[in-house]
Amino acid sequence: MLEVAEVSYRYGEVEGLSGVTVTLDRPQLVALVGPNGSGKSTLLKLVARVLAPASGEVRFEGKRLRDWDGKEYAKRVGYLPQDPDPTFPMRAIDVVVSGRAPFLGRFERESDADYEAAAKAMELCDALHLADRYLDEMSGGERKRIFLARVLAATPAVILLDEPLAALDLSHVQQFSLLLRDVVDRTHCTVVYATHDLNWAAAYCDRMLVMQRGTLAIDAPPAEVMRPDTIRELFGFDAAAVEAGGRSWLVPRVP
Amino acid sequence: MRLWISGSAGSKLLPLHRRPHNRLGLILLALILLGAIALAASIGATSLSWRALIAGDATTRTIFFDIRLPRTILAALIGAALAVAGVTFQTLLRNPLADPFILGVSGGAASGAAIATAFGLARRVPGIVPPMAFLGACAATGAVFLLARRREYTDPTRLLLSGLVLNAFFSAVILICFALSPQGDLTAALKWMMGTLFAAQWSDVVLLLVLLIVTMAVLVSIANDLRLFAFGEEDAKSRGVAVERVKIIGFITASIVTGAAVAVSGIIGFVGLLVPHLVRMIWRRDFRDLLPLSALAGGTLVVLADLLSRIVIQPSELPIGAFTAVLGVPFFLMLLRRSR
């Protein structure tokens, strides 16, 4: 479905990503983790067609990204940047239905079918009751759900989320992580999300991609990543594993 | 385990909240604009009666058709042009304070006019000021855009900063030109800079009307893409929008229509800034609706401002640019305090 092959990217003189290869081929919840500046956002942007690789190639359904028509690609691969808040106050339903943009002709307005898709996406995110509310009057957690619904409204096969859990409190982090699991199970799409929350990512995701200094260090099921020695090596973080509720959690080792 | 996802996929959808074209708003604003034009054309230093006009009285007809009507319609077109440029810049730059004047476009136009005046061109070649102002506006647009461009990317913050710096430069150019100007020319140039519709002609009306129609057509054709800029350029790009192309097209068309408006009228400030905000406060729509609504509201505002500037201290006139600024600044400050 989606192949990233030996992809590199440079920000001027600075290496952003070097020789990353990864394949997404089935409905999965994929957590993209790694320290700050390790290339998580860059990788998502390259796959979202926001950036073009300096070398290497990204292919979707066998076709190179630059050969895809922008709108056609956007119908299949959805992207949520880190800070998408609109400049001026907007109603939630208007935000979500704007996710249908790739389906509209140059002079076309959203049809009933587009609103239907938007409402379904909001229902999936348990946000339909927010339809009439303005985005600037919502809590951070509610806004995140609206933006996820906006991506879902285009019914993509692959969804890329850049740190959707940033700035959420403990309970919203869990709720949103669970929501992502639910989206994958119910819509059978592939969700890749960048996150710093290893424990919740490990609890719900099928697969973890760990970035380190612009390269893909590990591509494995969460159980293989969530080991104190691995975490120390990758993040420079001294952790201990604690058993609770039938799974293993990483907690900081306090000196 | 389902913590908070309730209801099944087939449960009833809320009544849908569609927002088709805002026809009601457009019709309402169009009627208000027509009313304002009719009002402004019938009031002035000489009072005209509609009955005499319909009866075909020669003097009445001359004043109405050769003086009042072109002036009033020109005012409407200038207002529409500035408001359209304002709403386009605000959308493109994701900045509520963006406006053709802040970006240096009007400063460039004023410099063009000042240069024409300082070197006696304005006296020797009548009618040279508007084309020079237009050239100045285009030069400023080019300069501000080149300054803001980095590799393939145009940075909105750099665009605003470049406009700020260019405005300072243009102020210097204008001051130097005025220092070199003969006294008589100076008064004329100053009057132009404050904005005036005193010598409005049908030829100006036709020129601006054609430009405005072309501008609107271009902007409407990119409106579906441009409105996505509200969520940021990366988001728009990921949705298949050719961001750089849309940005250049939007920026250039908005600048050209500003240049034309400034060239025929001088500097009429705050219209481009205020009108889109006013319209947004009433309707809260995206760019696709704000564009035509702003055009109509901007036209109405400048028609009324021109009317007031003519009748407040009859038989003399206040400069309309000073007038819109005096009205606009307190309103803008209020807006700024209320916004989060």
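**Exercise 1.** In which order do the four strands of the open sheet in chain A stand, and is their pairing parallel or antiparallel?

*Solution.* This is a predicted model, and the steps below read its sheet from one side to the other. In chain A the order is β2-β1-β4-β5, and the strands pair in the antiparallel sense. The next step is to look at the ends of that order: β2 (14-24) and β5 (63-64) of chain A stand at the edges, and because each has a single partner strand, one side of each is left without a neighbour in the sheet.

**Exercise 2.** Work out why the radius of gyration of chain B agrees with that of a compact globule, and then describe the make-up of the chain.

*Solution.* Begin with the length: for 340 residues a compact globule would have a radius of gyration near 20 Å, and chain B has 22 Å, which agrees. Along the principal axes, the C-alpha atoms of chain B fill a box of roughly 85 × 55 × 35 Å. Of the 340 residues in chain B, 49% are buried. Turning to contacts in chain B with a separation of 6 or more, 79% are between residues 24 or more positions apart. Finally, the secondary structure of chain B consists of 14 helices and two strands.

Technical notes. Residues are numbered from 1 along each chain as its sequence is written. Chains are lettered from A and ligands numbered from 1 in the order in which they are written. This is a predicted model: local features need pLDDT of at least 70, side-chain atom pairs count only at pLDDT 80 or more; totals for chains, interfaces and linings use all residues. The radius of gyration is taken over C-alpha atoms; the globule rule is 2.2 Å times the number of residues to the power 0.38. A residue is buried if 20 or more other C-beta atoms lie within 10 Å of its own, exposed if 12 or fewer, and partly exposed in between; C-beta atoms are placed from the backbone. Two residues are in contact if their C-beta atoms, placed from the backbone, lie within 7 Å. Two strands pair if DSSP finds at least two bridges between them.
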